[in-house]
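Please examine the model shown below.

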Amino acid sequence: MTVSSTQRRVNPDRPMEIMLVDLDDCLYQQPGMAQQVSRNIQKYMVEYLGFSEDTVQEESRALYLEHGTTLSGLVNALGKTIDYDHWHSHVHWSLDYETYIRPDPTLRKMLDGIPVKKFIFTNADKRHAAICLDLLGLTDCFSGVICFETMLELVGKYPDRVAKHDISPEGGVLCKPHPLAWEMALAHVDGEASVTMFFDDSPRNIASAHAYGIYSVLVNPNRIDTAYDCHIPSMHHVPSHLPWLTSVGDGIDHSRDKDEEDVLVAAEETPVVVQA
């Protein structure tokens with residue numbers, strides 16, 4: 001059952017066995033790249049899908065908010081036929097990754113000190129995830145990546161399950177925060193919700209995972225008024241906020257950290273950067 005942030009658990013009820021971590025704006029935080037992705041999405045919608053330049057920003061945002069990703073809304077709700085590699089080549093692969101992402105040895109040390117299986121769980125595509133992890137120097141910190149292609153394969157593998165949720169088993173898009181995404185992801189990594197942690201910057205994704213019974217950590221500079229078990233400003237704060245998970249120090253001076261109560265904001269008041 002989803003509970004408010006004031007009722008969250010400080011420590012999990014059972015030892016954790018699996019750690020699922022979102023990629024963009026969570027494992028690393030680079031607003032400039034996220035904004036470029038949003039512009040790329042809108043440009044694609046205008047050039048290839050016939051949307052108006054005057055309304056595309058509002059329409060892409062509405063699809064993102066309603067369906068988890070703009071792509072999910074375009075395919076599942078609007079019935080658009082999209083070549084996924086073509087989409088990703090314009091939305092992600094055209095990014096100047098090296099401008100935005102640098103190696104993060106401090107984060108690597110922290111991740112290596114967490115003795116559980118770790119997986120990336122992103123709505124983005126496999127190539128994008130691989131490039132980001134490589135530039136961060138974190139590829140081998142994770143046992144695998146659950147991504148757009150993973151979900152696409154699982155949708156085709158379990159047609160009866162997805163059909164109940166109005167997702168076509170033939171190329172339909174399944175993504176966070178859809179409840180079925182957790183079921184599929186946990187099946188893929190052979191895990192159980194009660195011993196799984198999930199880290200994400202999105203309040204919707206965190207609330208959905210929390211409702212599914214997953215120990216949910218909101219990774220966001222602001223403490224959003226949504227359901228979660230723990231809040232951290234960034235992944236570098238895992239050791240200080242979740243000391244039971246790792247004994248590795250984060251190397252951060254916390255003397256100037258704001259009190260969480262001072263930055264509590266409503267989820268609907270947070271800025272939305274539309275992702276793929």
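## Basis

The model is predicted: local features require pLDDT of at least 70 and side-chain atom pairs count only at pLDDT 80 or more, while totals for chains, interfaces and linings use all residues. Residues are numbered from 1 along each chain as its sequence is written, and side-chain values use heavy atoms, without hydrogens or water.

## Helix H3

Helices are DSSP runs (H or I, at least four residues), numbered from the N terminus. Six of the eight residues of H3 are buried, so this helix is largely enclosed by the rest of the structure; buried means under 20% relative accessible area with a 1.4 Å probe, protein chains only. These residues are Thr70, Leu71, Ser72, Gly73, Leu74 and Val75. Their cover includes H1, helix H2 (56–67), H4 and H8, where contact means heavy atoms within 4.5 Å. Just after H3, Gly79 adopts a positive phi of about 70°.

## Helix H4

In helix H4 (residues 84–91), Tyr84, Trp87, His88 and Val91 are the buried residues. Viewed down the axis of H4, they fall within an arc of 90°, so they line one face of the helix; the arc is taken over the directions from the helix axis to the C-beta atoms. Helix H1 (31–49), helix H3 (70–77) and helix H8 (148–157) are among the elements covering them.

## Cavities

The structure holds two cavities of 30 Å³ or more. A cavity is a set of points on a 1 Å grid, over the protein atoms alone, where a 1.4 Å probe fits but cannot get out. The largest cavity contains about 70 Å³ of space, a volume being the space filled by probe spheres set on the points. Its lining comprises 14 residues, of which Asn123, Ala124, Phe148, Val173 and Cys175 lie nearest its centre; lining residues have an atom within 4 Å of a point.

Notes: Buried < 20%, exposed > 50% of the residue type's maximum accessible area, 1.4 Å probe, protein only. Helix = DSSP H or I, 4+ residues; strand = E, 2+ residues; numbered from the N terminus. 1 Å grid on protein atoms, 1.4 Å probe; cavity = no way out; pocket = protein on both sides within 12 Å on 5 of 7 lines; lining within 4 Å.
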